[in-house]
Amino acid sequence: MNDYLQAVKLTDKVYYVGSIDWNVRNFHGYHTGRGTSYNAFLILDEKVTLIDTVKKPFYHELMARISSVIDPAEIDYIISNHAEPDHSGCLPEVVAAVKPEKVFASVMGEKVLKAHYGEDFEVTPLKTGDTLNIGENTLSVLETRMLHWPDSMVTYLDKEKILFSQDAFGMHYVTSKLFADQNDYSIMTYEAKKYFANILMHLANQVRGAMKALGELNLDVKILAPDHGPLFRTPESIGFIQDLYAQMAAVPRGNKALIFYATMWNSTEKIAAAIADGIRSTGVEVKVASLNVADRSDIMTYVLDSGLVCVGSPTMNNQMFPAVADVLTYLKGLLRTTNKIGYAFGSFGWSGEAPKKIFAELEAMKFELPFEPQSTKFVPTDEDLKKYFEHGVALGRKLQENA
Ligand code: FEO
């Protein structure tokens with residue numbers, strides 16, 4: 001079965017044996033519009049070593065790609081850089097089929113794998129600085145806790161100069177081209193930002209720590225091989241993703257503006273458009289997103305670049321719209337910075353609580369809020385819209401002043 005599938009040769013000793021998930025569209029609440037890959041790697045040295053496995057439904061794809069190079073029973077070691085099930089989901093099946101001499105993971109990885117697959121699942125723990133000689137090559141390990149789970153670690157293969165970086169430097173983006181230098185940099189920029197904003201933004205401190213620790217190792221990396229998306233094999237593409245990570249991990253305020261809202265009978269939408277025109281008139285780049293069509297994970301990507309975030313909702317049953325509450329809850333989990341400007345607005349018929357509730361949420365997230373919550377009864381008049389335009393101008397200027 002699947003015996004037509006091939007591994008992809010990366011170097012004389014290392015093969016790509018991962019799987020492609022073209023159609024995944026929901027990755028624990030994150031809209032993966034371009035699919036993803038679960039990358040895994042086979043090292044042919046005296047100790048044949050498999051780096052990571054794949055999501056459980058892709059077991060046969062992994063085994064078929066391995067089988068295109070060697071008999072999987074020849075695998076001696078498996079290294080689990082990250083225990084989240086998109087990388088370890090079929091690990092028990094692989095272990096049962098291959099019967100490796102040892103499975104390695106980080107100290108926390110041992111605990112997490114046992115929590116998933118049972119206390120009798122045997123794992124040999126490795127800690128930062130540990131090395132594993134596999135023949136001509138030696139693998140060395142750096143624990144990268146919370147990038148993306150407590151168990152996460154990266155592994156460096158010295159002679160082949162490959163850094164297997166699990167979630168770090170990855171993105172949910174898959175095409176038929178395996179390498180970043182074969183793909184579109186503008187799409188990769190968006191997808192790497194989306195990945196960071198939705199998976200790592202709240203962990204930016206830990207990302208900075210891991211980047212610093214990696215930098216201090218001064219590794220000569222010829223191939224940077226994350227567990228999702230394209231691999232980086234040229235100095236230009238490695239520099240691209242490393243620079244982008246350094247920028248994102250600094251979590252700058254952002255010089256753009258974002259307006260996201262829900263609308264019932266288009267009043268809140270009209271207000272959003274007036275605010276947007278006011279912001280645009282100052283020269284600030286503004287993104288307007290209706291939650292009737294935009295996904296929370298795209299909103300979060302825009303938040304990453306936005307120093308000004310305006311949130312609107314009609315009042316329904318004395319509450320904000322559920323779609324707005326959803327995004328605010330998600331934002332609260334992911335945003336740890338306190339340097340953005342916020343603005344709450346909306347329309348109402350007879351009670352009008354939504355903008356006040358949005359304001360309270362933004363205040364709790366430590367947004368700077370230059371205006372009180374703004375509400376308009378039923379349908380905004382020309383005079384109302386002029387006021388919102390002027391608020392947009394003031395907000396745009398404030399963003400520019402504090403840039
Ligand atoms: Fe790709 Fe944190 O798993």
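This is a predicted model: local features need pLDDT of at least 70, side-chain atom pairs count only at pLDDT 80 or more; totals for chains, interfaces and linings use all residues.
Trainee: How much space lies in the largest pocket?

Mentor: About 320 Å³. Residues are numbered from 1 along each chain as its sequence is written, and side-chain values use heavy atoms, leaving out hydrogens and water.

Trainee: What makes something a pocket and not a cavity?

Mentor: Picture a 1 Å grid over the protein atoms alone: a cavity is a set of points where a 1.4 Å probe fits but cannot get out, while a pocket is an open set with protein on both sides within 12 Å along at least five of seven lines. Lining residues have an atom within 4 Å of a point. The volume is the space filled by probe spheres set on the points, which are joined across faces, edges and corners.

Trainee: Which elements each supply at least two residues of that lining?

Mentor: Those are α8 (267–281), β20 (315–316) and β22 (341–348). The names come from DSSP runs numbered from the N terminus (helices are H or I, at least four residues; strands are E, at least two).

Trainee: How many nonpolar, polar and charged residues does the lining have?

Mentor: Eight nonpolar, eleven polar and no charged ones. Here Ala, Val, Leu, Ile, Met, Phe, Trp, Tyr, Cys and Pro count as nonpolar, Asp, Glu, Lys and Arg as charged, and the others, Gly among them, as polar.

Trainee: Why are α5 and α7 called oblique to each other?

Mentor: Check the angle: the axes of α5 (185–200) and α7 (235–249) cross at roughly 40° and come within 11 Å. Under 35 degrees would be roughly parallel, over 145 roughly antiparallel, 65 to 115 roughly perpendicular, and the rest is oblique. So α5 and α7 are oblique.

Trainee: And which residues of α5 and α7 meet?

Mentor: Y185, M188 and F196 are among those in α5, and F240, L244 and M248 are among those in α7. That contact has twelve nonpolar, two polar and two charged residues.

Trainee: At what angle do α9 and α10 pack?

Mentor: About 50°, with the axes of α9 (296–305) and α10 (322–334) 10 Å apart. Therefore this pair is oblique.

Trainee: What makes the bond between L147 and H148 stand out?

Mentor: It's a cis peptide bond, with omega about 20°. Most peptide bonds are trans. H148 sits in the loop between β13 (138–143) and β14 (153–157).

Trainee: And what is phi of K161?

Mentor: Near 60°, a positive value in a residue other than glycine. Most residues other than glycine have a negative phi. You'll find K161 in the loop between β14 and β15 (162–166).

Conventions
Axes are lines fitted to C-alpha atoms, for helices over the stretch in contact, and angles run from 0 to 180 degrees between N-to-C directions. Contact means heavy atoms within 4.5 Å.
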